[in-house]
Amino acid sequence: MKQMQADIVVISAGTAGLAAAVAAAEKGAKVLVFEKRGVTGGTGNVGSMVLGIGSDVQKKAGINVTVKEIFNLHMEYTHWRPDARIVRAYYEKSGDTINWLMKNGVEFRDMMTPASSTNKPVTHGVIGGSFSMMKALDKKARELGVNIQLKTTVTEILKKGDLITGV
């Protein structure tokens with residue numbers, strides 16, 4: 001069994017995993033990522049738009065849509081079934097997420113209006129589709145020294161008490 005050391009281990013190199021790996025490496029952590037497939041990106045490779053309210057792209061375009069407006073639309077549409085705190089946090093962070101993605105090499109084209117919206121553009125079209133976003137995150141992770149192990153399935157998290165000691 002091969003032994004590696006890391007401050008942070010990320011299991012899966014999909015959208016959330018790559019973003020977590022890059023964010024941790026930006027803070028100086030030694031990061032190790034395990035991905036069971038032969039490529040990074042997961043289902044993030046097949047989209048085309050990313051939602052963002054209050055991003056620099058949106059502000060530059062002069063689009064005035066608020067978190068409250070989209071949050072209320074979402075909650076009314078779903079009959080207030082989802083956890084409102086999580087939905088609100090998602091929308092509140094969405095603009096900062098777009099800005100962070102741009103800082104890390106993702107390019108966006110014009111804003112777009114989703115079919116079920118208030119007719120105000122809130123989604124950012126990714127140039128090259130989400131596949132290019134995932135490639136940019138993969139590239140940034142590698143530039144920051146993230147060790148990505150492809151075709152490596154994690155089957156168990158090893159613990160001593162509450163302390164994670166390995167995978």
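Which residues of β5 point one way, and which the other way? Thr123 and Gly125 point to one side of β5, while His124 and Val126 point to the other, and all are buried, where buried stands for under 20% relative accessible area, exposed for over 50% and partly exposed for what lies in between, with a 1.4 Å probe and protein chains only.

The model is predicted, so that local features need a pLDDT of at least 70 and side-chain atom pairs count only at pLDDT 80 or more, while totals for chains, interfaces and linings use all residues. Residues are numbered from 1 along each chain as its sequence is written, and side-chain values use heavy atoms, with hydrogens and water left out.

## The chain as a whole

The protein chain has five helices and eight strands, and from the N terminus on these elements follow one another as β-α-β-β-α-α-α-β-β-α-β-β-β. Helices (H or I, at least four residues) and strands (E, at least two) are DSSP runs, numbered from the N terminus. The C-alpha trace of the protein chain spans about 55 × 35 × 25 Å along its principal axes, and 38% of its 167 residues count as buried. Among contacts between residues at least 6 apart in sequence, 62% join residues at least 24 apart; contact here means heavy atoms within 4.5 Å.

## The antiparallel sheet

Three strands form an open sheet in the order β3-β5-β4, with antiparallel pairing, and two strands are said to pair if DSSP finds at least two bridges between them. The edge strands, each pairing on one side only, are β3 (49-51) and β4 (108-112). Neighbouring strands of this sheet are turned by 30° against each other on average, direction ignored; for such values, axes are lines fitted to C-alpha atoms, for helices over the stretch in contact, and angles between N-to-C directions run from 0 to 180 degrees.

Helix α4 (residues 84-103) packs on this sheet, where it touches β3, β4 and β5, and its direction makes about 130° with that of β3. Helix α5 (residues 129-143) lies across β3 and β5 and runs at about 80° to β5.

## The parallel sheet

Another open sheet is formed by three strands in the order β1-β2-β6, and here the pairing is parallel. Its edge strands are β1 (8-11) and β6 (147-149), each of which pairs on one side only, and neighbouring strands are turned by 15° against each other on average, direction ignored. Helix α1 (residues 15-26) lies across β1, β2 and β6, running at about 170° to β2.

| Strands | Sense and bridges | Facing residues |
|---|---|---|
| β4 and β5 | antiparallel, three bridges | Phe108 and Val126 |
| β2 and β6 | parallel, three bridges | Val33 and Ile148 |

## Helix α4 in detail

With 20 residues, α4 reaches 29 Å from its first C-alpha to its last, close to the 28 Å expected at 1.5 Å a residue, the expected span being 1.5 Å times one less than the number of residues. The helix bends by about 40° at Ser94, where the bend at a residue is the angle between axes fitted to the seven residues ending there and the seven starting there. Ser94 is also one of the buried residues of α4, which are Val87, Tyr91, Ser94, Gly95, Ile98, Asn99, Trp100 and Leu101.

At the start of α4, a side-chain oxygen of Asp83 comes to within 2.9 Å of the backbone nitrogen of Arg85. Just after α4, Gly105 takes a positive phi of about 100°.

## A buried asparagine

Asn45 is found in the loop between β2 and β3. Why does Asn45 count as buried? Asn45 is buried because its relative accessible area is 18%. The side chain of Asn45 reaches the backbone oxygen of Thr40 at 3.0 Å. Not counting residues up to four places away in sequence, Asn45 touches Thr40, Ser130, Phe131 and Met134.

Technical notes:
A polar contact is a pair of N or O atoms within 3.5 Å; within protein, one must be able to donate a hydrogen and the other to accept it, and residues adjacent in sequence count only if both atoms are side-chain atoms.
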